[in-house]
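Reader: I would like a close look at one part of this model, the aromatic rings. Please take me through them in plain terms.

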Amino acid sequence: MPRKPKALTPDAPLAPVPAEILDQFVGQGPLSHEELDAAVRRFKKAIIERALGGELTHHLGYPPGGTKPEDTTNHRNGTSGKRVLTDDGPLGIDVPRDREGSFEPRLIAKHERRFAGFDDKILALYARGLTVREIQAFLAEMYAVEVSPDLISTVTDAVVAEVTAWQGRPLEPMYPVVFFDALRVKIRDEATVRSKAVYLALAVLPDGSRDILGIWIEQTEGAKFWMKVFTDLKTRGCQDVRIAVTDGLKGMSEALAAVFPATTLQTCIVHLLRHSLEFVSWRDRKPLAVALRPIYTAASAEAASAALETFAIGPWGTRLPPVVASWRRAWTHIIPFFAFPPEIRRVIYTTNALESVHARLRKILKTRGHFPHDEAATKLIWLALRNITATWHKAANNWPLALNQFAILFEDRFTVPSA
């Protein structure tokens with residue numbers, strides 16, 4: 001994701017402000033919070049106006065009251081008032097003008113009404129799940145700034161180009177593991193609010209770091225949809241995925257075999273275990289989990305198959321035939337798990353890494369009744385993901401051990417990252 005965290009460095013020492021300047025803004029005696037805020041705003045206004053005056057001097061080629069160059073016909077033409085929204089609230093400034101109207105300020109451009117930092121505040125609030133009306137009320141309460149819902153929508157819509165660029169960015173040629181999972185979001189579609197699936201792909205890179213590869217929204221899943229997803233990944237530069245981990249998503253195996261035929265499809269063991277526990281009461285869940293444990297902790301596929309048969313004819317299997325049936329239906333995509341050493345099993349046995357992302361997204365999305373269209377949902381999810389992934393700069397736990405096993409098992413299909 002964009003905007004990775006900056007390295008924490010000590011603050012650079014600031015040059016002292018001359019006492020005579022401070023005396024102009026701060027009188028003798030105690031200073032209230034309101035007086036301090038007013039002094040800071042006055043100082044900020046003065047600096048902005050002085051900077052704009054410096055820009056005009058550079059544009060004209062001579063200072064105020066100075067001698068005008070012979071080849072210059074343009075000159076100063078007073079100032080015009082302008083109210084801009086800053087991160088400290090609204091601020092009225094006087095913008096210098098020139099006679100010919102050719103002066104283009106860089107600090108605050110023509111027709112610009114928001115100072116640097118104000119838009120970032122709106123985006124930060126929006127990314128944390130606040131609605132347009134809630135952002136409007138927050139800005140009015142905290143900064144005494146009255147902004148229209150249209151302005152907030154305009155600011156948030158400005159990230160659409162970034163989202164589009166992110167969705168089409170080049171990918172790594174190879175990923176050891178990619179997790180696929182979905183969450184449901186209500187989106188208006190043709191005058192009807194529908195519950196659509198938002199699919200995310202979380203990849204583990206060769207160096208152990210993680211990355212979200214894309215966001216895809218679809219009303220129904222199937223081989224046709226997954227073919228589009230995998231083709232998108234391949235078009236963007238991904239040539240190989242070693243292991244794809246999913247929760248039995250429909251049509252994925254067929255599409256994966258067509259686009260990435262060498263990829264191993266692995267069903268999430270934890271998802272299957274949770275599904276099994278849904279058939280019993282809360283007090284029986286722990287004993288059932290203990291009974292199922294010999295299946296997914298077996299040393300080999302043959303031992304796991306024997307453990308499943310033992311479970312099927314035992315007291316739990318005879319009592320819960322649907323549990324046995326669910327494991328047998330998914331068995332084709334469970335047994336690849338047993339071909340890997342424990343170091344890799346610990347990486348692929350669950351999609352919890354992606355589910356934790358979904359959990360954080362749901363906290364943000366639950367405040368929304370529904371989205372007006374797919375683009376609005378994608379915009380908010382992308383902004384939320386940007387915050388979630390900001391701290392993803394460390395490798396997964398025990399990754400060096402898994403890296404060694406990947407290099408041995410896949411040989412020429414795996415490239416060990418350089419130090």
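How many aromatic pairs does the count come to?

Author: The model is predicted, with local features needing pLDDT of at least 70 and side-chain atom pairs counting only at pLDDT 80 or more, while totals for chains, interfaces and linings use all residues. Residues are numbered from 1 along each chain as its sequence is written, and side-chain values use heavy atoms, leaving out hydrogens and water.

The count comes to 11 aromatic pairs. Rings of Phe, Tyr and Trp (its six-membered ring) pair if their centres lie within 6.5 Å; planes under 30 degrees apart are stacked, over 60 edge-to-face, and the rest tilted.

Take Phe180 and Trp226: the ring centres are 5.7 Å apart and the planes stand at 85°, so this pair is edge-to-face. Phe180 belongs to strand 3 (residues 174-189) and Trp226 to helix 7 (residues 223-235), so the pair ties together parts 46 residues apart in sequence. Helices (H or I, at least four residues) and strands (E, at least two) are DSSP runs, numbered from the N terminus. Both Phe180 and Trp226 are buried, that is, under 20% relative accessible area with a 1.4 Å probe, protein chains only. Ring pairs also link these two with Tyr199, Phe225, Phe230 and Phe260 into a cluster.

The rings of Trp399 and Phe406 have centres 5.7 Å apart but planes at 35°, so that pair is tilted. Trp399 is buried at 2% relative accessible area, and Phe406 is buried at 0%.

Charges meet rings too. The charged end of Arg210 sits over the ring of Trp392, 4.2 Å from its centre; the rule asks for NZ of Lys or CZ of Arg within 6 Å of the ring centre and within 35 degrees of the ring normal. Arg76 lies over the face of Tyr62, 5.4 Å from the ring centre.

How values were computed
Buried means under 20% relative accessible area, exposed over 50%, partly exposed in between (1.4 Å probe, protein chains only).
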